[in-house]
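Hi there,

Here is the structure I promised to pass on. Please open it next to this note while you read.

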Amino acid sequence: MGTAAPGRCLLVRGRRRVGKSRLIEAFVGTQTAPTLFFTASRQGDAELGHFAGEAARSTLPGATLFEGLALADWDAALRLLHAALPDDRVSIVVIDEFPYLLEGRRDVEATFQKQWDRLLSRKPVLLLLIGSDLAVMEALNTHGRAFYQRGSEFVVRPLSPVETGAIVDSPSAADAFDAYLVSGGMPLVCRDWPRGASLWEFLSQSLSDETSALVVSAHRTLSAEVPEQYSAGAVLRAIGNGERTFANIARASGLAGSSLSVALETLIQKRIVAKDVPLSTKPSRESRYRIRDPYLRFWLTFVEGSMPEIERGRGDRVVDRIRASWSSWRGAAVEPVVREAIRRLAPLDGLPQADAVGGYWTRSNDPEVDIIGGDREPVARVIHFAGSVKWRDEAAFEQTDLHRLAALVARVPGASPETPLLVVSRSGVRARGMACALGPEELLEAWR
């Protein structure tokens with residue numbers, strides 16, 4: 001592609017239902033440029049007919065070229081698209097759910113690259129390729145792929161804890177984290193949250209409505225993204241219900257060996273599941289798996305199995321069950337969020353710089369340390385600090401908690417009694433001797 005080519009391509013990616021399409025539609029709505037907006041839908045060869053129909057209904061100057069036309073392949077479709085684009089002014093072409101066109105068809109990617117280089121980029125067109133399959137969209141712009149360096153990347157992320165708290169009008173930083181752990185920063189879920197309402201008011205309202213965004217969004221996402229042919233759904237439910245080791249997931253899902261490995265790898269590639277390993281100066285095989293998205297984690301734990309009650313109007317029972325286990329669930333769910341905050345805040349006053357932030361555990365969970373800061377991962381050369389997360393509603397982090405942390409850290413490979421200690425507490429600290437202490441307000445600064 002020549003450097004003088006006026007065309008531009010943007011590769012837009014983000015998790016499903018995060019608002020990518022709405023964002024692009026809002027952008028297109030502010031423009032006067034001729035536009036084609038096409039959404040792929042896993043219809044195989046029928047996609048060409050749908051594309052021709054949308055092109056014929058578009059505002060492109062040559063839209064009539066597509067009327068009543070049966071396209072032979074994507075090569076023909078893109079050549080005709082080139083003819084339909086204006087030469088003298090900017091136009092916009094949006095292809096939503098682009099990864100659907102590539103499923104089992106790598107030739108389609110090569111066709112887009114060829115026609116972009118030869119024809120489309122030579123016109124003043126903005127080509128927006130949108131996708132929810134993060135792995136596919138990331139791979140498009142990697143070395144060795146046909147579309148490498150043809151497009152700039154744009155990532156649409158969920159709302160941060162700060163943004164979530166602002167939208168739902170959380171009364172405190174701690175409440176903002178609660179809202180984030182339930183909503184995952186998903187705009188549709190946050191939009192349903194009455195401004196200033198408490199967590200329990202929101203849950204009572206949402207779980208009394210079987211069509212609320214909190215109830216339905218995860219189901220729609222999983223239906224589109226989780227391939228049942230690999231039994232990935234059963235594996236996801238097992239992890240969502242608290243199983244984190246390979247053996248326990250196998251027991252809960254009914255899968256084992258290579259079948260389970262394939263399902264886990266599929267979920268990891270789709271950025272739905274994360275695989276964590278202990279961070280220390282000693283290699284470990286004690287991998288653990290978790291759901292990446294806080295909202296999906298919440299939904300799998302509390303909502304999916306409760307759908308029959310929600311559908312018959314007994315969301316109040318679901319809320320009661322959430323109340324009963326909220327403290328323990330939240331304590332585990334907030335740990336990855338805290339680690340991400342520490343990565344963003346680094347370097348922290350009183351602590352050495354750490355390029356890797358994780359946790360440490362053994363098979364028996366003795367010891368288990370919430371936060372480990374090291375110089376690299378998965379095997380560190382140096383442990384820079386270690387810490388504990390106590391996310392309790394009323395109880396502060398006490399001196400006894402600090403003594404217990406110090407005793408555990410001394411047993412982490414690479415750590416020592418001199419390793420600086422970090423304390424993270426939801427409800428304050430009543431201890432002395434740590435190198436650094438963080439509360440909800442300080443953690444929120446990571447996203448400001």
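This is a predicted model: local features need pLDDT of at least 70, side-chain atom pairs count only at pLDDT 80 or more; totals for chains, interfaces and linings use all residues.

Residues are numbered from 1 along each chain as its sequence is written, and side-chain values use heavy atoms, with hydrogens and water left out.

Rings of Phe, Tyr and Trp (its six-membered ring) are paired if their centres lie within 6.5 Å; planes under 30 degrees apart are stacked, over 60 edge-to-face, and the rest tilted. That rule gives 14 aromatic pairs. One of them joins Phe177 and Trp391 edge-to-face, with 5.7 Å between centres and 85° between planes. Phe177 sits in helix α8 (residues 173-183) and Trp391 in the loop between β10 (383-390) and β11 (397-398), so that pair links distant parts of the chain, 214 residues apart. Helices (H or I, at least four residues) and strands (E, at least two) are DSSP runs numbered from the N terminus. Phe177 is buried at 2% relative accessible area, and Trp391 is buried at 3%; buried means under 20%, exposed over 50% and partly exposed in between, with a 1.4 Å probe and protein chains only.

Phe298 and Phe302 make a tilted pair, with centres 5.2 Å apart and planes at 55°. Both lie in helix α15 (residues 294-303), 4 residues apart, about one turn of the helix. Phe298 is buried at 0%, and Phe302 is buried at 8%.

Ring pairs also link Phe38, Phe51, Phe66, Trp74, Phe98 and Phe112 into a cluster. Two of these names return in the helix packing: Trp74 in α3 and Phe112 in α5 are among the residues where the two helices meet, along with Leu78 of α3 and Val108 of α5. The axes of α3 (residues 74-84) and α5 (residues 106-118) come within 9 Å and cross at roughly 25°; axes are lines fitted to C-alpha atoms, for helices over the stretch in contact, with angles from 0 to 180 degrees between N-to-C directions. The two helices are therefore roughly parallel (under 35 degrees; over 145 is roughly antiparallel, 65 to 115 roughly perpendicular, the rest oblique).

Lastly, Lys270 lies in the loop between α14 (257-269) and β6 (273-276) and is buried at 18%. Lys270 touches Asp133, Glu225 and Pro227, not counting residues up to four places away in sequence; contact means heavy atoms within 4.5 Å.

Best wishes
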